[in-house]
Each structure stands twice: as structure tokens, then as C-alpha cells.
Amino acid sequence: MTEIINMLSYHFMQRALIVGVLVSLCAALLGVSLVLKRYSMIGDGLSHVGFGALAIASALNLAPLAVAVPTVIVAAVLLLRLSRNSRVKGDAAIAIISSSALAIGVISVSLTTGMNTEVSSYMFGSILSLSRSDAVLSVLLSAAVLLLFVLFYPRIFAVTFDENFSRATGTRTGVYNTLLAVLTAVTVVLGMRMMGALLISSLIIFPALSAMRLCRSFKAVILSAAIISVLCFLAGVMASYFLETPTGASIVVANLLVFAILSLAGKRT
Amino acid sequence: MAILTCEDLSFAYEGRSVLESVSFSLEAGSYLCVVGENGSGKSTLIKGLLGLKAPDGGKISFGEGLKSTEIGYLPQQTQLQRDFPASVNEVVLSGCLNSLGRRLHYSKADRLRARENMERMGIEDIGEESYQALSGGQQQRVLLARALCATKKLLLLDEPVTGLDPIATGEMYNLIKLVNLCDNITVIMVSHDIHEAVRYATHILHLGHKQLFFGTAAAYKESDLARRFLGGNRI
Ligand SMILES: Nc1ncnc2c1ncn2[C@@H]1O[C@H](COP(=O)(O)OP(=O)(O)O)[C@@H](O)[C@H]1O
Ligand SMILES: [Mg+2]
């Protein structure tokens, strides 16, 4: 117990916990819609675009979030368009964009700074990488994501459940799909700092899948995904602090354990 | 005055025409059955009427103060996801989407309307249950309740009884006819079963990439087209 209090006395830890809880919440809420709309791969694609953007920002000495957030938003809207266009195979389009972004990021890193700790933190995440201004921006953006999600909840449900019905009754479904993509983009960039580009998409997908094993109504799935996501984040951070394991990987493993337990329990009954 | 008028409508997918020269007009309170073989353009016409697909040519106009966003729609089954976690209450309430307007969340009146429509469909006791776990017949009644939340005037139903057992099919037909008669809601229903169609409907629209027949059910029964489709035996 004293060790936990000790841990909480570090400023960087407090910062990381606040940002982490908020980002986990965002990821869980959006994750349910993305998984149900078969858009889970978009999160993965966006994380690679995010890596490319962060790498270029660091090569040019620009503020990382200020470059990455708009870039990833543009990529999100583009990916959404591509995956709805029947002529290009959606998953192939995502693969092309994400590997190209990764390649550009890697090249710009190797041409300039080389593989330093900053770049490696983009890849694998680091709870220490959060500067004060980053933290403030993260809190503001994730609060905005949560607020928009709660405000538009009835419409997000309707568009996720039956897009044609929503469109027929006059809802501009394109607007809400774009909203989902933009919110996801923001969440991916914020989450990348702590989870790393390679692991952020699991923060979006795992809680949703776990919650769908547990609950049968949309609201219950959303709420339990949020709870599972925050608990797994906290468990992962604790583990990484006391066992000195990497934060992002620890959070993913916590999510994996929950998912495995719920899957097994679900098979029994 | 007609509630719906179509003038020389045509539809195409990527330049390939699938439906041509559809012209008909429907009085409020009518019950129209759209029949025709698979791929004859029935669902395409429904999507056109809903504004989900822009016509290639021609004109759709609504009368009686009906707005195009105030149509209740029951989609063809294949279009919904099987594993979606949603309760019956949530699905029915989402039919009130078009009355949100500038509001962000559903009002008391919306919830009351959802409740009433669930009672009309006899599903008020399964509100908390999972939509995906219901039988086919119950699922269709949930979707009909949702469609009723969206409209007071016009229902568009795309093959609402396909895949249901005979008892559920009969119940569904009766519920639709009841809504048509008691609430004076105009019904446009796509159906595979021509025998049932002529029994319940007031009008028939027969499609086969173009309009083959439009008229009253009584006139349809006498037509050569119906005789061929009904397999010789007159009804
Ligand atoms: N999204 C689509 N893209 C291309 N062709 C389509 C599409 N939807 C339907 N079609 C074609 O249009 C024709 C009519 O389809 P549809 O209206 O679904 O028929 P029905 O409902 O009468 O079975 C079919 O030949 C079908 O292959
Ligand atoms: Mg059809």
C-alpha cells in the first residue's frame, strides 16, 4: 500500500495515470462502434500513420502532437472513404497506407536522428515520455472525445446498428462516420505515447471484445468496455511499475487475460 | 390526393440499368404489394423511395404532408448483423431517431411511443432481452415496432416474412394488415408470395426490370400475368 502511495507521489506518474485513464475510456467507447462496424483495422492503420507523423515531427524538431493529430485525422477520413469504396479492397488499402507511413517514418528517422529513445518510445510506448504540455493537450482532447460521444450517443447507436435505417430517416450518416473516424484518430495519437504504435490498436479492440462476451445490450457493452479498459490500464501500469515491464505491453497482457477469462467463462455457461 | 407518386422512374448500378419506366400513384391508406422474381429490382425501388439510392431518371413525389424522412422502413433481413449486442428496447427506441431534430437525446414522449409500439406488437415483455437471441418472428416484430416509431403515414417493408415459419408468417401478415386498417398507415411491402399478396393487398406492382403491372389486387387476379405466375389455378 505504501508503495502505491509512493508511486503516486511522482508527478510523472500522476500525469500518466490521468491521461491514461482518459485515453483508455475513449478507446473503449470508440472501440465498441469500430469493432461492430468492422472497422477495427482502421485503428491499426492509423497507429502506423501516427508513427510516421511523429517520426517526421521529431526529425524536423516540431511539436509531436501538433503534427501527428492533424495528419492522423486526415488519414482516418481517407481510410474511411477507401474502405467504403467497393472498387478498392478496404483491407488492402489500409495495409498499403499503414506500411507506407511506417516506411516513411523509418527512413526519416534513419536519415536524421537515428534510433533514439524518443523514437523508440513512439514504437513501444513510454509512460515517461509525456511532457507537461502534452499532458494538458491530451486531457483536453480526450475530454472532448468523451463529451462528443456522450452527446451523440443515440445517433452513434443508430448509425452503428443499422446505417440504412438511419440514413432513410434523415440522419446524415456520413457525418457520424467521419466523427467516429476523427475521434478514433485523436485517441490513437494520444494513446500511442503511452502504448506505442505497435500496441495501441489492442487498447481499442480488446475491451470491446471482452465486453461483448459479458453483456447483451449496447449500453451495457459500452459501460463494461469502459470499466474493463480502465481497470486493465491501472493493472498494467502497476505491473510495469513494480515488475519493471514495459507499460504498453503490460496493459495489453492485462486485457488479454481478461478476454481469455471471459471467453472461457462464456463457454462454460 | 396521392401520398406517393412515381413518374417514369429508373435505376442503374454503375451505368447498368436494373429498373425502368416505373410509374404509379398511391392513395393514402392503400396496401401495395411489390412482387417479381429475385433480382427484378424490388429492393432497389424501395431504396429509391427511401432516398438511399438516387434514381437514374424520373421523379418521386410525396403528398399528404409526408416528408421523405418520415417513412418507417423494415430492411431485408440479410442487411443486419447477426452478432450485434442490443436490447429490444434499444432497437425499438432507435426508430424515434427522426424525431430527435436538434435534440441530442430521446424525450419522454419518444420513450412512450416506443413503449406503445412494443405493446401493439406484443413484445413489451421482452424489452430487456437481447435482440440477436430472439426467434426470427420476434425479431421481425421488433423491427416493425421500430419502423412504426419512425412514421405515422407510410411503411416500407422489404420481404418481412422471408425465413419465418408458417405461424410467425401469419402473425406478421395480420399485424401489418391491422396497422394498415386501424392506423390508416399506407403500406408498401415487397413479397415473394403472390398468393398472400393478392389476399392482403389493395394494389399490386409487378416488376421485372420494368413495370409489368400496376393496379388493384382484383384487377391483377384477372390479368394474364397473374395467371401465369400463379401457376394456372385461379384464386
Ligand atoms: N449494390 C449493388 N451494386 C450493383 N448491382 C446491384 C446492387 N444491388 C442490386 N444490384 C443488382 O440490381 C438488380 C436488382 O436487385 P434488387 O433490387 O436487390 O432485386 P430484388 O430485391 O427484386 O431481388 C439485381 O440484378 C442485382 O444484382
Ligand atoms: Mg430484395
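**Getting to know the model**

Q: Leaving aside its neighbours within four places in sequence, which residues is Ser47(A) in contact with?
A: Keep in mind that this is a predicted model. Contact here means heavy atoms within 4.5 Å. Setting aside neighbours within four places in sequence, Ser47(A) touches Val188(A), Met192(A), Ala197(A) and Ile200(A).

Q: Is Ser47(A) buried or exposed?
A: Ser47(A) sits in helix α3 of chain A. Its relative accessible area is 0%, and the cut-off for buried is under 20%. So Ser47(A) counts as buried.

Q: At roughly what angle do the axes of α3 and α4 of chain A cross?
A: Helix α3 of chain A covers residues 40-59, and helix α4 of chain A covers residues 64-84. Their axes come within 8 Å, and the crossing of α3(A) and α4(A) is right-handed. The angle between the axes is roughly 145 degrees.

Q: How many nonpolar residues does the contact of α3(A) with α4(A) have?
A: On the α3(A) side, the residues include Leu46(A), Val49(A), Gly50(A) and Ala53(A), while α4(A) brings, among others, Val67(A), Thr71(A), Ala75(A) and Leu79(A). Sorted by class, this contact of α3(A) with α4(A) has no charged residues and three polar ones. The nonpolar count is 14.

Q: Over in chain B, what is the radius of gyration?
A: Chain B has eight helices and nine strands, and its C-alpha atoms fill a box of roughly 50 × 40 × 35 Å along the principal axes. With 235 residues, a compact globule would have a radius of gyration near 18 Å, so chain B agrees with that at 18 Å.

Q: Is Ser30(B) buried or exposed?
A: Ser30(B) is in the loop between β2 (16-27) and β3 (31-35) of chain B. Leaving aside neighbours within four places in sequence, Ser30(B) is in contact with Asn180(B), Ile185(B), Thr186(B), Val187(B), Thr202(B) and His203(B). Its relative accessible area is 5%, so Ser30(B) is buried.

Q: What distance separates the C-alpha atoms of Ser30(B) and Gly15(B)?
A: Along the chain, Ser30(B) and Gly15(B) are 15 residues apart.

Note on methods
Residues numbered from 1 in each chain as written. Chains lettered and ligands numbered in written order. Predicted model: local features only at pLDDT ≥ 70, side-chain atom pairs only at ≥ 80, totals over all residues. Heavy atoms only, no water. Axes fitted to C-alpha atoms, helices over the stretch in contact; angles between N-to-C directions. Helix = DSSP H or I, 4+ residues; strand = E, 2+ residues; numbered from the N terminus. Left-handed = near helix turned anticlockwise from the far one by under 90°. Nonpolar A, V, L, I, M, F, W, Y, C, P; charged D, E, K, R; others polar. Rg over C-alpha atoms; globule rule 2.2 N^0.38 Å. Buried < 20%, exposed > 50% of the residue type's maximum accessible area, 1.4 Å probe, protein only.
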